[in-house]
Amino acid sequence: MADMSQASATLTVSEATLGAAREPARAASASKKPHKSKKWIGYAAFIPFLLVIIGYELLPLGQLVLDSLVGKESGTLGLENFVKVFTTPLYQQSIINSVWISAVSAIVGIIVSFLAARFAYESSPRVRNAFTMVLNMMSNFSGVPLAFAFMILMGNSGVLTILGERWGIPFLADFDLYTGEGLMVLYIYFQIPLATLLLLPAFSGIRKEWREAATILQATPFDYWFRIVIPNLMPSILGTLSVLFSNALAAYATAFAVVMNNYALLPLQITSKFKGDVQIDTATGGALAVVLIILMVVCTLVNNYFTKRASKGREVI
Amino acid sequence: MAYIEFKGVVKRFGDNTVLDHIDFGVEKGDLVTLLGPSGCGKSTLLRCLSGLESVTEGRIVLDGRDITDVPASKRNIGMVFQQYSLFPNMTVEQNVAFGLRMKKVPAEKIQQKVADAIAMVELTGKEKAYPASLSGGQQQRAALARSIVTEPSVLLLDEPLSAIDAKLRKALQSRIREINQELGLTSIFVTHDQDEAMVMSDVIQLFHDGRIEQAGSPVDVYTKPVSEFAASFIGSYNQLDAAVFSEVTGAMVPAGHVVAIRPETIGIQKEAPAHTDGAYVVRGTVQDSTPRGNVLRYTVKTGPACLRVDVLFRSFHMFDKGDEVYLVLPEHDCLAIPESNAA
Amino acid sequence: MSSKAKAASAAPAQKTPLAARIFLGACALYLLVPFLTTLVYSLFVEWTDVLPSGFTLRNYAELFTNSTFWLSIGRTLVLCLVSVAITIVLLLLAMYVVVAVNRRLGRFMQFVCMIPYALQGVILSIGIISLYTGTGTILSNRMFMLFGAYTILVLPYIYQGIRNALNAIDANMLIQAAEMLGCGRFRAYVQVVLPNIVSGILVSSLLAESIVFGDFVLANNIAGTNYQNIQVFLQANMARSSGLSSAIVVIIFVVVAAVTAIVLKLQRSSQNR
């Protein structure tokens, strides 16, 4: 039923645009005219949306691509800016740092959240609801407020830093928040609630019959987890992993609040090229932005692939 | 001239022809069933009449007026959909009143008409209920009330009972039939269920692959299928190739035909019948017997053919597997119908 | 929620195992500590020992009498309400076309609506800056850029809310039913479809509000100090006064947490229905 009406909508449009020209002699074509004008009125409601999308989403993206392709020195179209980005140590380092921080924080995040989701799944509804509540609340704790909280906690005169000095715990006393390792701790922090919230629904797809069947077939708990549960959850796990990776890749506020522009990280470098504390360099900034866009698009494609597989798997079950 | 006329109606979705030159008329006050398997185009024709779908070619005339290009909202046709078409944010009462509001009927009149329509579908007491709190059958009753309250010139029903369980279905079938007759409301009913079509209709239009295969009263369609498709879709005809039939009975059949025999027309007995005028008598062996409600179905092997034979389920006179029996096939119930590629 | 409860009864253990209690407790504590520290910090004069000393509400008093703070809150609210409202109107109009005129546009719409989700704030903000800055038209006005950017930022969330709500009620069927009763398509969309998706729109727009409220990137990159929202205000104050900043952090968190709690509650009650 739905398919049919979909087909009809499709048809009427192609007719409105092509029909009269294709078969001018057709008996019905003359009487189609009132329909045709009505259809156009129908489309009018789409125009405001289209304008905003073009003006504030598609054109800005196009502008960045254009920026990246117009050479900074030569002023001609080409890959000059990309060559520069990939040969300048600062930009190389930015890309490497960004990918590294994102990858490590995503992997640590997924391990912790897998365990958390697993334990939450085994808990009573009361415990699970309370834990989910904490996750929901703390998933909002990110960006500048999060950076500030960590400064109070682990900054130069942070509470834990002082306690570390007092009690002689070198890890806390010598911890430097304003470096790559510091950022790593922050990034891992904001990955955990997000990842757990994404993984929890996947766990509810696990049937208790699987465990019963596995037990009857004399599987050990190890077999159960590694041969049944994890393979079944794999699409969700990998999909979540790619979400975490892109989430960290694009994170700006947290890093900016901690290290300002004094660290080689893609979002920070890109923004500084356009915001011009020093000078505006849209060519290099555009090229860096395109690199970031490509990384993000790859993540989205990976995630789509796994989400589709995950949902397919569920249908089969 | 009929009340509703379909004149050479063609509907294509892209390259796919869903309706292929449909021509027929519907008389005022009749209940006509469009019967056929899913995907045969019967729903599409209904939607063309409703105006929700445009036709590719041809005209549709309603009460002498060409409505082919009139938008759905101006045709004054009532329609009951398969399910879930009630507006969830409105009560039963508000749903029923919706069409009257659209017509700007004065409020006092609306109240009376709504109450009448709700009473007619036997939903009195549920006026203030929201659709979500109604059963499937009640929802369809409300939908029915909503579409008759505006006094439409035609009532269209697009498989309205397909999602409702068997018992309630029977009750609703007769309610729809009664409303059709009480109001003299011309109705077109789409279904893929041949029993439903038999029970309800004045006329059945049997659809197959976008064309009308056969039209007629339920009795005609049931007893005189015109094609292999009609024979297989209506009832559960035994169908024998011409050669097989000749071998079994010794009778000659014109080439290019098959012979269709309804299972309940075949007699089955232990002794050879005394006189065999007007009937073919053949010997066979009972292969199987299955009770089907009040009917017992035997499968009898006779020569190269296997025939299904239905008899009323009585506890005496039963045959066992392997019994030798005589089958009596009345000649006028052995219908030679043209062979078709489909079916 | 009800389905979750069912899943729970099917879960292997009704009672929470000790290991789960410990792990979940540790996780929750880890997640809560940074905020709790900030909360305590905002309520005390000094924290240089194991325990803080000198309970005070001075930070909050100072904040609430600071007109810059109230201005930034006001700006943030304006940004939240206006941009979310614009997005809702744009999407409802566009969705009418998808539902009632041409379903094929749905794919295009889904694609463009999910782009901001994939690209997030940094790319969006610099793209807009690069395109419009210095063009000398009204479009180079910072406020225009900012509202445009927020409208796009919240697009994915509101789009999904509206689409899910439309799918849940079979909007197409309702419009057809109304049409058969003599109602025009657009009128049917407004009178029959919209009342049924209000709660879905409400939930997703609250979510969008909390996203705009928590945004720093767009506000900082596009408007910066010209139009300080609460996050930019916090960032500007961080180096100056950590007492005051901690109070701002607490207030931001409480507001966002309250909105989140409302969203969860609404979602739960709609699932129960």
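The contact between chains B and C takes 15 residues from chain C and 18 residues from chain B, where two residues are in contact if their C-beta atoms, placed from the backbone, lie within 7 Å. On the chain C side, α8 (171-180) and α9 (185-213) each supply at least two residues; helices here are DSSP runs (H or I, at least four residues) and strands likewise (E, at least two), numbered from the N terminus. Helix α8(C) gives the most to this side, with six residues. Sorted by class, the side of chain C that touches chain B comes out at nine nonpolar, four polar and two charged residues. For that count, Ala, Val, Leu, Ile, Met, Phe, Trp, Tyr, Cys and Pro are nonpolar, Asp, Glu, Lys and Arg are charged, and the others, Gly among them, are polar.

All of this comes from a predicted model, in which local features need pLDDT of at least 70 and side-chain atom pairs count only at pLDDT 80 or more, while totals for chains, interfaces and linings use all residues. Residues are numbered from 1 along each chain as its sequence is written, with chains lettered from A and ligands numbered from 1 in the order in which they are written. The predictor gives the complex an ipTM of 0.86 and a pTM of 0.81. Chain C averages a pLDDT (the predictor's confidence in each residue, from 0 to 100) of 87, and 94% of its residues score at least 70. Where pLDDT is low, the predicted coordinates should not be read in detail.

Chains A and C also meet: 75 residues of chain A and 80 residues of chain C take part in their contact. Helix α3 (residues 47-69) of chain A brings the largest share of the chain A side, 13 residues. That side has 51 nonpolar, 16 polar and eight charged residues. Between these two chains, helix α7 (residues 143-154) of chain A packs against helix α11 (residues 230-238) of chain C at an angle of about 25°, with the axes 9 Å apart. Axes are lines fitted to C-alpha atoms, for helices over the stretch in contact, and angles run from 0 to 180 degrees between N-to-C directions. The pair α7(A) and α11(C) is therefore roughly parallel, given that angles under 35 degrees count as roughly parallel, over 145 as roughly antiparallel, 65 to 115 as roughly perpendicular and the rest as oblique. Their crossing is left-handed, that is, the near helix is turned anticlockwise from the far one by less than a right angle (clockwise would be right-handed). A:Gly143, A:Val144, A:Pro145 and A:Phe148 of α7(A) make the contact with C:Gln231, C:Leu234, C:Gln235 and C:Met238 of α11(C). That works out at five nonpolar, three polar and no charged residues.

Within chain C, the axes of helix α5 (residues 105-132) and helix α7 (residues 155-169) come within 8 Å and cross at roughly 135°, which makes α5(C) oblique to α7(C). This crossing, too, is left-handed. The residues involved are C:Cys113, C:Met114, C:Pro116 and C:Tyr117 of α5(C), plus C:Leu155, C:Pro156 and C:Tyr159 of α7(C). By class, the contact has seven nonpolar, no polar and no charged residues.

Over in chain B, five strands form an open sheet in the order β13-β17-β14-β15-β16, with antiparallel pairing; two strands pair if DSSP finds at least two bridges between them. The edge strands, each pairing on one side only, are β13 (267-269) and β16 (305-312). Neighbouring strands are turned by 40° against each other on average, direction ignored. Strand β14 (residues 279-292) joins antiparallel β17 (residues 324-330) through seven bridges, with B:Val282 opposite B:Leu327 and B:Gly284 opposite B:Val325. Strands β14(B) and β15(B) (residues 295-302) pair over seven bridges, again in the antiparallel sense, and B:Pro291 has B:Leu296 as its bridge partner. The β14(B)-β15(B) hairpin has two residues between the strands, and there B:Gly293 takes a positive phi near 65°. Helix α9 (residues 242-249) of chain B lies across β14, β15, β16 and β17 of that chain, running at about 110° to β14(B).
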